[in-house]
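Me: Hi! I'd like to go through this model with you, if you have a moment. Could you take a look?

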Amino acid sequence: MTESCLFCRIVRREIPAAIIWEDEHSLAFRDIDPKAPTHVLVIPKSHVASLNDADDALAIGRLSVAAAGIATSEGIAERGYRTVINTGRDAGQTVFHLHLHLLGGRHMSWPPG
Ligand code: 5GP
Ligand code: ZN
């Protein structure tokens, strides 16, 4: 599973990505198909398929804290931004390695589609 997982392969640098931040536990890189001027994916380095499989509260919390720091460094913290975790089919999850989307740099409507 982790052998072929796209985001595990990005963690191992087997697939190129525009990595903008990392620490021991988490990695952040730009989405290949951005939906906003800033669109960054923040992931745990350890494979977790989705929020349905997450049991490490600290690992999940780190994603949000990292996103807030990246929002500041991207210059969007004051205007605002959105953090999203899509889980499963109805939410449109396409990559089954848990990831938090950080979107900003434009106004976003609510509710999401
Ligand atoms: P999901 O739909 O699962 O919540 O989000 C998956 C995201 O991963 C999508 O926004 C998609 O554009 C992005 N993505 C898919 N493949 C790659 C890739 O190879 N590199 C990068 N940087 N992003 C990817
Ligand atoms: Zn993975």
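**Chat about the model**

Reply: Happy to! Pro111 lies in the segment after β5 (100-104). Keep in mind that this is a predicted model.

Me: Is the peptide bond from Trp110 to Pro111 cis or trans?

Reply: The bond from Trp110 to Pro111 is cis, and its omega is near 5°. For context, most peptide bonds are trans.

Me: Good to know. On to the ligand: how many residues surround ligand 1, and which are the closest?

Reply: Ligand 1 has 15 residues around it, and the closest are Arg30, Asp31, Thr94, His99 and His101.

Me: And what sort of residues make up that shell around ligand 1?

Reply: The shell is made of six nonpolar, six polar and three charged residues.

Me: Which polar atom of Asp31 lies 2.5 Å from an oxygen atom of ligand 1, side-chain or backbone?

Reply: For Asp31, a side-chain atom lies 2.5 Å from the ligand oxygen. His101 also uses a polar side-chain atom, which lies 2.8 Å from an oxygen atom of ligand 1. With Thr94 the polar atom belongs to the backbone, and an oxygen atom of ligand 1 is 2.7 Å from it.

Me: How much of ligand 1 does the protein bury?

Reply: The protein buries 85% of the 520 Å² that ligand 1 exposes when taken alone.

Me: Where does ligand 1 sit?

Reply: Ligand 1 sits in the largest pocket. Two elements, α1 (6-11) and β2 (26-30), each give two or more residues to the shell around ligand 1.

Me: Changing topic, what is the phi of Arg13?

Reply: Arg13 has a positive phi of about 65°, although it is not a glycine. Most residues other than glycine have a negative phi.

Me: Where is Arg13 found?

Reply: Look in the loop between α1 and β1 (19-22) for Arg13.

Me: Last one, Thr72: buried or exposed?

Reply: Thr72 is exposed, because its relative accessible area is 54% and the cut-off for exposed is over 50%. Thr72 belongs to helix α2 (residues 57-74).

Me: And what separates the C-alpha atoms of Thr72 and Glu3?

Reply: Those C-alpha atoms, of Thr72 and Glu3, are separated by 33 Å, and the two residues are 69 residues apart along the chain.

Definitions and conventions
Residues are numbered from 1 along each chain as its sequence is written. Chains are lettered from A and ligands numbered from 1 in the order in which they are written. This is a predicted model: local features need pLDDT of at least 70, side-chain atom pairs count only at pLDDT 80 or more; totals for chains, interfaces and linings use all residues. Side-chain values use heavy atoms; hydrogens and water are left out. A residue is near a molecule or strand if one of its heavy atoms lies within 4 Å of it. A polar contact is a pair of N or O atoms within 3.5 Å; within protein, one must be able to donate a hydrogen and the other to accept it, and residues adjacent in sequence count only if both atoms are side-chain atoms. Accessible areas come from the Shrake-Rupley method with a 1.4 Å probe; for residues, only the protein chains shown count as cover. On a 1 Å grid over the protein atoms alone, a cavity is a set of points where a 1.4 Å probe fits but cannot get out, and a pocket is an open set with protein on both sides within 12 Å along at least five of seven lines; lining residues have an atom within 4 Å of a point. A molecule sits in a cavity or pocket if more than half of its atoms lie within 2 Å of its grid points. Helices (H or I, at least four residues) and strands (E, at least two) are DSSP runs, numbered from the N terminus. Ala, Val, Leu, Ile, Met, Phe, Trp, Tyr, Cys and Pro count as nonpolar, Asp, Glu, Lys and Arg as charged, and the others, Gly among them, as polar. Buried means under 20% relative accessible area, exposed over 50%, partly exposed in between (1.4 Å probe, protein chains only).
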